[in-house]
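User: Please take me through this model with the ligand in mind, one point at a time.

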Amino acid sequence: MNTSLTNTTEYMKGKTLVISGATRGIGKAILYKFAQNGVNVAFTYNKNEEEAQKIIQDVESNYKIKARAYPLNVLEPEQYIGLYEAIDKDFERVDFFISNAIIYGRSVVGGFAPFMRLKPKGLNNIYTATVLAFVVGAQEAVKRMQKVGGGNIVTLSSTGNLVYMPNYAGHGNSKNAVETIVKYAAQDLGQFNIRVNAVSGGPIDTDALRAFPDYDEVKAKVEKQSPLKRMGTPKDLAGATFFLCDNTQSGWLTGQTIVIDGGTTFV
Ligand SMILES: NC(=O)c1ccc[n+]([C@@H]2O[C@H](COP(=O)([O-])OP(=O)(O)OC[C@H]3O[C@@H](n4cnc5c(N)ncnc54)[C@H](OP(=O)(O)O)[C@@H]3O)[C@@H](O)[C@H]2O)c1
């Protein structure tokens with residue numbers, strides 16, 4: 001990776017982002033942020049293939065970049081191996097990997113629950129989708145980044161590992177785990193000019209949060225607690241992920257978690 005470039009536009013243009021779960025919410029906002037800055041995007045969906053195709057048409061025609069979508073289930077992290085082989089056929093290089101996809105619904109039964117209703121299967125599913133998927137997705141990315149002289153890796157985390165959120169023990173402890181893996185990966189991968197970081201968000205208004213049974217209470221609490229008096233939006237996290245991938249802006253930042261919480265964790 002050429003670190004002599006000092007201009008974000010020049011640095012980003014023509015590079016490739018791989019991102020999981022970009023059909024909705026935070027992932028979609030991140031995809032648009034990169035596409036608007038001339039970055040080609042290889043992104044995954046789970047069920048929303050139709051939405052994925054709409055996104056491709058939109059960003060390719062508006063931002064003159066290349067976009068392709070691929071199916072991925074983060075409950076089976078090895079799927080990343082075949083996914084990257086497909087990406088290799090469509091794109092010349094991989095520069096950035098963002099692990100964003102999240103599971104919910106039936107697969108988190110026993111994981112998204114009060115402590116006394118936690119079950120190994122539900123907890124394991126959340127760990128698999130959050131930590132193991134990050135590991136395999138990042139390993140495959142690194143193999144490609146080494147060929148182009150470096151790259152940047154970011155995982156999404158959440159402040160549910162800093163403050164109590166009802167039912168969130170499974171997600172909260174897996175987010176802690178992925179933040180720790182980030183620090184280890186950063187140490188091991190720095191020699192390849194690869195930086196690894198996390199962006200941790202407070203409650204952001206997306207489908208994942210709207211699936212919480214206490215969504216209305218969470219929203220009201222955040223709007224009251226935040227000094228900014230509003231919920232977070234997907235765009236509020238997109239800028240930080242872009243910053244972390246931009247060597248001209250964050251070139252010596254690695255192994256860290258940037259917390260974007262609207263001021264809600266220090267109350
Ligand atoms: N929302 C928050 O309050 C908040 C706060 C902090 C951090 N975060 C983190 O930000 C990330 C994105 O969350 P979000 O709120 O933006 O979620 P979201 O809007 O609900 O979007 C979830 C994405 O994940 C995909 N997905 C669902 N199940 C999947 C599976 N089994 N395998 C692969 N992909 C799957 C979905 O694809 P389909 O559309 O195809 O189903 C979708 O693209 C997560 O890591 C989350 O923990 C969220």
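User: How far does a polar side-chain atom of arginine 24 lie from an oxygen atom of the ligand?

Analyst: This is a predicted model, in which local features need pLDDT of at least 70 and side-chain atom pairs count only at pLDDT 80 or more, while totals for chains, interfaces and linings use all residues. Residues are numbered from 1 along each chain as its sequence is written, and side-chain values use heavy atoms, with hydrogens and water left out. A polar contact with the ligand is a pair of N or O atoms within 3.5 Å, and for the side chain of arginine 24 the separation from a ligand oxygen is 2.7 Å.

User: Which residue has a polar backbone atom 2.8 Å from an oxygen atom of the ligand, and how much of the ligand's accessible area does the protein cover?

Analyst: Asparagine 46 places a polar backbone atom 2.7 Å from a ligand oxygen, whereas the backbone atom at 2.8 Å belongs to isoleucine 26. Of the 910 Å² of accessible area (Shrake-Rupley method, 1.4 Å probe) that the ligand has on its own, the protein covers 95%.

User: What is the radius of gyration of the protein?

Analyst: The fold comprises 10 helices and 7 strands, these being DSSP runs of at least four and at least two residues respectively. The globule rule (2.2 Å times the number of residues to the power 0.38) gives 18 Å for 267 residues, so the protein is as compact as a globular protein of that length. Taken over C-alpha atoms, its radius of gyration is 18 Å.

Terms used:
A polar contact is a pair of N or O atoms within 3.5 Å; within protein, one must be able to donate a hydrogen and the other to accept it, and residues adjacent in sequence count only if both atoms are side-chain atoms.
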